[in-house]
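Please keep the sequence and the model in view while reading.

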Amino acid sequence: MAKTIDESIKAQGGSVGRMSYVRVIFALLARDLAVLRKTAAFFVIRVVMQPLLFVFVFTYVFPKIGQGVGGGGSKEAEFSTLLVAGVVGISIIFQAIQAVALPLVQEFGYTKEIEDRALAPMPTWGLAIEKILSGAVQAVFAGAVVFPIVLFVPATPVHLHIDWPVLITLVPLAAIVSGTLGLTIGTLIPPNQVALIFAIIVLPITFLGAVYYPWASLTPISWLKDVVLVNPLVYINEGLRAALTTGVPHMEIGYVYLALIVFALVLGYVSIKGLNRRVVG
Amino acid sequence: MNDRSDVPTAAVRTVKLRKVYGNNVAVDDLDLTVNGGEIFGLLGPNGAGKTTTGGMITTRVLPTSGQAFVGDVDVVAHPAEAKAKIGVVPQSNTLDRALSVAQNLYFHGRYFGMSKRVAKEKTDELLTRFRLEDRAKLSVSALSGGMAQRLMVARAIMHEPTVLVLDEPTSGLDPQSRLALWDILRDLNGAGQTVLLTTHYMEEADELCDRIAIMDHGKILALGSASELKAKAGGASTLLVKVSGDPGELIQKLENAIGVDERVKIVMSESGVKIIGKDVAQLISKVVSSAEGLGLKVYDLSLVQPSLETVFINLTGRELRD
């Protein structure tokens, strides 16, 4: 030490005192955004690759080589259109899981990097809410980054009809549900089994999430139609279809909101409990 | 928070603080007071309950029963308020690896309610004070162990906590970094910072701490300044005997020859056989003859003045580092 310690230390406990938890949450969000900004290029690559390839192969390559999904002609155009919601929805949920669950594995790992944030002056539930919001913000970014791809890559025209009130309320709600899902996964799955997240959670959610077909079209397989109702992505995608398109069948929008709110509350509760258990010994 | 006003200067206080993991009582109804302005050390072997005690005081471990206060804040009832009053340097490197050296400080300041400007100023000031300014933009993974430790201390004091809590702060540090950290802690304490640290290094407790609580099996066995504790050992000193051959036989023989009771204890250590008690110097001839009787060659015999380790062995019959 070159110098003796600053006099300011004498003023013990001076500068902090009581302060609002909201301020702490915003500071934690600012930290997450700083990290995101630093890795913006990776973020975009991570978000874009899967939907880009998917849309390219199924709505550009297939129609061009005469293997149109949906049956050719106007059906192809319909497929491109119904896929818009599915691909945006999958990007939202996938990104939120990645943004919340994966860092937690490191943060709770050997070094307990989370500790400095867990020791910020607010209760642990504040940290849980911050994680959920951070995941939600990144999920909305992901949805926004992917949106132009599904509009401009398909070979057949995409017909959008945007219902703004639904879009503006549904996207944040979907993003928050995705954030709670990410935090639930991140706090319940042991860090050393992270590869399991993809095998047992992410893959079923995405393949059975009404991404590539509207939920209503599952009627011929009625048991599956019922089973997939436990999948939050089904409601996200059905809601996005209501918000973005006409002519594609979708679930009654009231049920979509109801289900997403229930998911947000239940997963929010489970994930706050889970984080608390992991942070406080 | 009914009985908090009896010790107005207490920076930390625990009342029958207890933590049980399964059948294991890690901390056993601990009553502890850390006074404002002192460096207080919890000294004990691994598994004594030091880290768990520190964890409960700093809201990271939930007590099974009992209370802990930082200043006048009950840490269990009001963890958020308590967190504002504590600075923590944990045993492992908990620096935020996604952030640079400077950002680790800047965002810590922001978490604790500083404006952007204040957080920036404080960051620059701390980087200079802790000689890290030329690493400001580097990733924290580029820091040496000693530098990382300095950064963790800087981060922990940034929000001017009532008490700075360090868990085994120098374990794993090279001797030079350890001395540097002691200097930092002395300087901070000189400026009025209360410090609570856990350690299993007796020299660390001896050198650094105003008061020391010797802890084992979740309980405090003795409490006082280093010199008080040594005096409590009743002037016991240590006779260190090094022999060629199996010291186990020697210990057995000595136990018979000398007779072991509360006043004399014999333990085996890495460095040799230790005989601890009052007037152990008088036992030298018995030791030598016992060794010779066994055909063992005594190649070193020394009398060590009372140390905290003597105190610990005197209290527990065991070595501190076991």
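**Strand pairing and nonpolar cores**

B:F40 lies opposite B:R211, a residue of strand 9 of chain B. The model is predicted.

- Strand 3 of chain B covers residues 39-43, and five of its five residues are buried.
- In a regular strand, side chains alternate between the two faces of the sheet.
- From strand 3 of chain B, B:I39, B:G41 and B:L43 point one way, whereas B:F40 and B:L42 point the other way.
- Strand 3 and strand 9 (residues 211-216) of chain B run parallel and are joined by four bridges.
- Strand 3 of chain B also pairs with strand 8 (residues 194-199) of chain B, in the parallel sense and over five bridges.
- Within strand 8 of chain B, B:L197 is the residue opposite B:G41.

**Nonpolar cores**

- The largest nonpolar core contains 79 residues, and B:V153, B:L164 and B:I212 have the most contacts inside it.
- Helix 5 of chain B (residues 145-157) gives the most to this core, contributing eight residues.
- Domain 1 (10-95 + 143-231) and domain 2 (236-305) of chain B each supply at least three residues to this core.
- A second, separate core has 65 residues, among them A:L167, A:L173, A:A175 and A:W215.
- Leaving aside neighbours within four places in sequence, B:I212 is in contact with residues including B:G41, B:L43, B:A222, B:L229 and B:L308.

**The four-stranded sheet of chain B**

- Strands of a sheet pair through backbone hydrogen bonds, either parallel or antiparallel.
- In chain B, four strands form an open sheet in the order 12-13-11-14, with antiparallel pairing.
- Strand 12 (264-269) and strand 14 (297-304) of chain B are the edge strands, each pairing on one side only.
- On average, neighbouring strands of this sheet are turned by 20° against each other, direction ignored.
- Strand 11 (residues 237-244) and strand 14 of chain B pair in the antiparallel sense over seven bridges.
- B:V243 stands opposite B:V298, which belongs to strand 14 of chain B.

**Helices against this sheet**

- Helix 9 of chain B (residues 247-258) lies across strand 11, strand 12 and strand 13 (272-277) of chain B, and runs at about 180° to strand 12 of chain B.
- Helix 11 of chain B (residues 308-316) packs on the sheet and touches strand 11, strand 12 and strand 13 of chain B.
- The direction of helix 11 of chain B makes about 80° with that of strand 13 of chain B.

Key. Residues are numbered from 1 along each chain as its sequence is written. Chains are lettered from A and ligands numbered from 1 in the order in which they are written. This is a predicted model: local features need pLDDT of at least 70, side-chain atom pairs count only at pLDDT 80 or more; totals for chains, interfaces and linings use all residues. Side-chain values use heavy atoms; hydrogens and water are left out. A nonpolar core is a set of buried Ala, Val, Leu, Ile, Met, Phe, Trp, Tyr and Cys residues joined through side-chain atoms within 4.5 Å. Buried means under 20% relative accessible area, exposed over 50%, partly exposed in between (1.4 Å probe, protein chains only). Helices (H or I, at least four residues) and strands (E, at least two) are DSSP runs, numbered from the N terminus. Domain bounds come from an automatic or database domain assignment. Contact means heavy atoms within 4.5 Å. Two strands pair if DSSP finds at least two bridges between them. Axes are lines fitted to C-alpha atoms, for helices over the stretch in contact, and angles run from 0 to 180 degrees between N-to-C directions.
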